[in-house]
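Student: Could you walk me through this structure, please? I have not looked at it before.

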Amino acid sequence: MAIPASLQKGLKLPVISSPMFLVSGTDLVVEACNNGVIGTFPSLNQRTTEGYRDWLIEIKSRLKPDAAAFGVNHIVHNTNDRLMADLAVTIEHEVPLVITSLGAVADVVKAVQSYGGKVFHDIATVRHAQKAAEAGVDGLILVAGGAGGHAGIINPFALVNEVRRFFDGTIILAGALSTGQDVAAALMMGADFAYMGTRFINTTEAQADAAYQAMIIDSGATDIVHTPAVSGIPANFMVKSLIDNGIDPKSLPSHKLDMGEEAKAWKTIWSAGHGVGSIHDVLPTAKLIERLTDEFSQACLDFDTKRR
Ligand SMILES: Cc1cc2nc3c(=O)[nH]c(=O)nc-3n(C[C@H](O)[C@H](O)[C@H](O)COP(=O)(O)O)c2cc1C
């Protein structure tokens, strides 16, 4: 199985601009979709369920008739006390793509599929991929080593190959994908979609500080540290932003530091993936997608030439 028909509508490049806590808002989603890639956001980026509903209404009103589909991310975990209320709004508005994190629950999957929505679930281990497949998800997002946010540590080749052995749904690859060549490589490895987060932080529509974007431009892969210290679950952060917040990256604990509310921590300690070394600018989302598309086409041509 490749890309479900409902998600092929308006799609010009097999890319999902991935959901990012605090960073993805309506402007980024609308620009992504109107320029032919799937735009997504976490429902928790709005403080209330009513606010989340307002965002859905706004996004739908700003999408062009030929726009790509959009999606929303729900954290399926008992720490998310808004899950059921947010999910009801998702169903009411028939959001085309639902991205679930942490828990893959068959009832949630069925509820979304009942109105024709698709569910992609993100995983960082093969065991979690198996559980999500059993819950009936349409796609698996393989969060490989080097990804921004809560990331895994498994090599992407190993992860794709192991998951393909038992899963014939849509495969979405995540982790340090920054260029159109990277998108082509992901497809060549057997993925159906490339899932890109960090690259979209450096767009004019992202809700990110200029200093955050500048730090991404100044960083390389070795300036990223994988640690549970900020959110309890291992995630990738820029070393410089840990230092700027008085945290010594050389003596990080193996547990969550007491930093108060999680949102506050993510606002000042900036997450990014290993792909930072390929990001040298901040540009409008439309221009970024145009560049990714050109690079993707060139990579395909170059590959054909190499094969001869
Ligand atoms: C700042 C930041 C916040 C993120 N927040 C979320 C989130 O709320 N929900 C989610 O499913 N993934 C979240 N992610 C993970 C991304 O959706 C995606 O898996 C990751 O960015 C892909 O790797 P890349 O950044 O190397 O492209 C976040 C990533 C970053 C960088």
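Predicted model: local features only at pLDDT ≥ 70, side-chain atom pairs only at ≥ 80, totals over all residues.

Student: At what angle do α3 and α4 pack?

Tutor: Helix α3 (residues 49-62) and helix α4 (residues 83-92) pack at an angle of about 20 degrees, and their axes are 9 Å apart. α3 is therefore roughly parallel to α4. Axes here are lines fitted to C-alpha atoms, for helices over the stretch in contact, and angles run from 0 to 180 degrees between N-to-C directions. Angles under 35 degrees count as roughly parallel, over 145 as roughly antiparallel, 65 to 115 as roughly perpendicular and the rest as oblique. Helices (H or I, at least four residues) and strands (E, at least two) are DSSP runs, numbered from the N terminus.

Student: Which residues in α3 and α4 meet?

Tutor: On the α3 side they are Thr-49, Tyr-52, Arg-53 and Leu-56, which meet Ala-85, Asp-86, Val-89, Thr-90 and Glu-92 in α4; contact means heavy atoms within 4.5 Å.

Student: And how are α2 and α3 placed, at what angle do they cross?

Tutor: The axes of α2 and α3 cross at roughly 30 degrees and come within 10 Å, so the two helices are roughly parallel to each other. In α2, Thr-26, Asp-27, Val-29, Val-30 and Asn-34 meet Trp-55, Glu-58, Ile-59 and Arg-62 in α3.

Student: What about α2 and α13, is that pair oblique or parallel?

Tutor: Helix α2 (residues 26-34) packs with helix α13 (residues 285-307) at an angle of about 40 degrees, their axes 9 Å apart, and α2 is therefore oblique to α13. Leu-28, Glu-31 and Ala-32 of α2 make the contact with Thr-285, Ala-286 and Ile-289 of α13.

Student: Switching to the ligand, which residues come nearest?

Tutor: There are 23 residues around the ligand, and of these Pro-19, Phe-21, Asn-73, Ala-176 and Thr-198 come nearest, where a residue is near a molecule or strand if one of its heavy atoms lies within 4 Å of it.

Student: Which atoms of Phe-21 and Asn-73 lie 2.8 Å from a nitrogen atom of the ligand?

Tutor: For Phe-21 it is a backbone N or O atom, whereas for Asn-73 it is a polar side-chain atom.

Student: And where does Gly-148 come in?

Tutor: A backbone N or O atom of Gly-148 lies 3.1 Å from an oxygen atom of the ligand.

Key:
Residues numbered from 1 in each chain as written. Heavy atoms only, no water. Polar contact = N/O pair within 3.5 Å; in protein donor to acceptor, adjacent residues only side chain to side chain.
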